[in-house]
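Have the sequence and the 3D view ready.

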Amino acid sequence: MSKNIPLSKIDQYRWRIPKSYMKGMRVDGIVYANEKLLRQAKSDEALQQVANVAHLPGIVKHSLAMPDLHWGYGFVIGGVAATDPQADGVVSPGGIGYDLNCGVRLIRTNLNIKHVDGKIKSLVGKLFDNIPCGVGSSGKIRLSVQEEKEMLSKGSRWAVEREYGNIEDLQFTEANGFLDFADAGAPSKRALERGKNQLGTLGSGNHFLEVQVVDRVLYREAAEVMGLSEGQICVMIHTGSRGFGYQVCDEHVKTWIDVAKKYGINLPDRQLASAPINSKEGEDYIAAMACGANYAWNNRQCIMHWVRQVFMDFFETSEHELGLELVYDVAHNIGKFEKHLVDGEERELFVHRKGATRAFPAGHPEIPEKYQNIGQPVLIPGDMGTASYVLVGSPSAMEQTWGTTCHGAGRMLSRRKAVELTKGRAIAQHLEKQGIFVRAEGRRTLHEEVPEAYKDVDEVVKVVDAAGLSRRVARMRPVGVIKG
């Protein structure tokens with residue numbers, strides 16, 4: 001448990017773990033939370049993991065944790081750390097995660113809640129029938145090894161070139177759906193084998209596809225730029241790189257204990273096994289990780305294409321008439337080279353975001369022209385019966401967190417505990433009484449992902465808003481859900 005870790009209160013939403021807490025800590029830990037969320041964080045090893053990350057060679061400024069923090073592999077989920085490649089900085093696969101580029105995209109429509117009155121159950125059924133989901137599910141796309149490598153090299157431009165979407169989709173995808181340091185020769189044969197038939201599949205666990213209604217607009221100017229209004233129907237897709245990304249991570253965390261020893265890297269947790277960014281091992285992992293990111297962007301792009309097709313068939317009208325436009329796509333588990341100010345000097349850092357979302361402010365060169373005056377859209381998903389949020393990045397996030405905010409509500413109960421507590425409950429029927437229609441490939445998933453297994457997303461999002469990391473734009477509530 002994390003109860004005995006010394007914490008000093010910086011302000012209402014920030015807490016410091018001093019580097020004097022553990023020998024070997026190079027920087028302080030900074031945790032974003034209010035009193036309630038901090039109490040919840042003390043129930044597992046999350047705060048200790050924040051302190052452990054502070055030992056990484058080359059770490060700059062702080063080891064950071066967002067308010068949705070909870071225990072993860074190596075890094076806390078909700079963890080952020082930047083390392084400097086020019087100061088012996090390392091990359092840690094545990095700081096990026098197993099599901100490489102697990103992320104979210106939001107599609108707006110011209111429909112409002114009245115247009116779907118009495119139709120949601122049928123619409124959810126059509127989506128469920130057309131979008132493969134579940135553990136190990138295979139998709140409609142079958143790739144040869146050569147085709148898969150081309151997809152990994154090109155990013156989501158590969159999907160658009162094959163008419164799984166529009167060229168405009170790329171500009172509204174983080175990094176344009178493409179990390180250029182991907183090397184399709186870096187992933188193993190096993191990773192390629194696991195990935196070749198899973199493109200365009202939702203997967204299981206906390207992944208979902210939701211039909212949502214804009215429940216409340218909180219920042220009207222930004223909502224208007226995004227084309228969002230109260231009562232409007234939207235679709236949110238939450239998934240990642242499937243078995244491909246898992247395999248890439250798994251192979252490296254299993255072999256990098258010896259790699260860390262080779263470079264004399266001593267860390268308090270073997271799950272933080274790392275290699276210098278500028279080493280062969282570091283470069284090979286980063287190239288394979290980038291392939292995982294490119295896979296995930298293609299995955300969400302293909303799923304979005306089928307969502308558009310279902311909506312056009314269901315409502316018997318065109319994509320243009322329905323206004324099926326991508327608002328934005330954000331990554332949650334990713335490592336990227338980014339330029340940031342450090343003590344007044346611009347430096348290129350390698351930013352680990354593990355269960356955390358990029359939140360660049362207005363005027364940043366990496367966000368689309370459409371959003372230059374409001375900031376990068378940020379998508380914070382709930383899960384099944386809980387709300388999701390759209391936000392925009394804030395300038396102070398660049399100063400505090402390398403332009404980062406939270407990625408969701410954060411788990412409060414383990415999957416096993418959630419199943420135990422909900423044994424005998426008819427989850428789907430309970431949600432239907434609340435006006436939420438759910439289709440799931442596996443019954444157990446509904447018990448694992450029950451809303452009370454998560455922290456209060458409203459509370460989490462209030463913290464990042466009040467702390468100046470991102471500003472709330474709109475609250476979304478689910479009316480139809482597909483789970484694996």
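Predicted model: local features only at pLDDT ≥ 70, side-chain atom pairs only at ≥ 80, totals over all residues.

Residues are numbered from 1 along each chain as its sequence is written, and side-chain values use heavy atoms, leaving out hydrogens and water.

Start with helices H4 (residues 145-154) and H10 (residues 280-315), whose axes come within 7 Å and cross at roughly 95°. That makes H4 roughly perpendicular to H10 (a label for angles of 65 to 115 degrees). Helices here are DSSP runs of H or I with at least four residues, numbered from the N terminus; axes are lines fitted to C-alpha atoms over the stretch in contact, with angles from 0 to 180 degrees between N-to-C directions.

Now for the charges. Side chains of opposite charge can pair when their charged atoms come close. The structure holds 33 salt bridges, each a side-chain nitrogen of Lys or Arg within 4 Å of a carboxyl oxygen of Asp or Glu. Here are some of them:

| Pair | Closest N to O |
|---|---|
| Lysine 280 and aspartate 284 | 2.6 Å |
| Glutamate 319 and arginine 308 | 3.6 Å |

Glutamate 319 lies in helix H11 (residues 319-322) and arginine 308 in helix H10, so the pair ties together parts eleven residues apart in sequence. Arginine 308 is buried, with a relative accessible area of 3% (buried means under 20%, exposed over 50%, partly exposed in between, with a 1.4 Å probe and protein chains only).

Notes. Helix = DSSP H or I, 4+ residues; strand = E, 2+ residues; numbered from the N terminus. Parallel < 35°, antiparallel > 145°, perpendicular 65-115°, else oblique.
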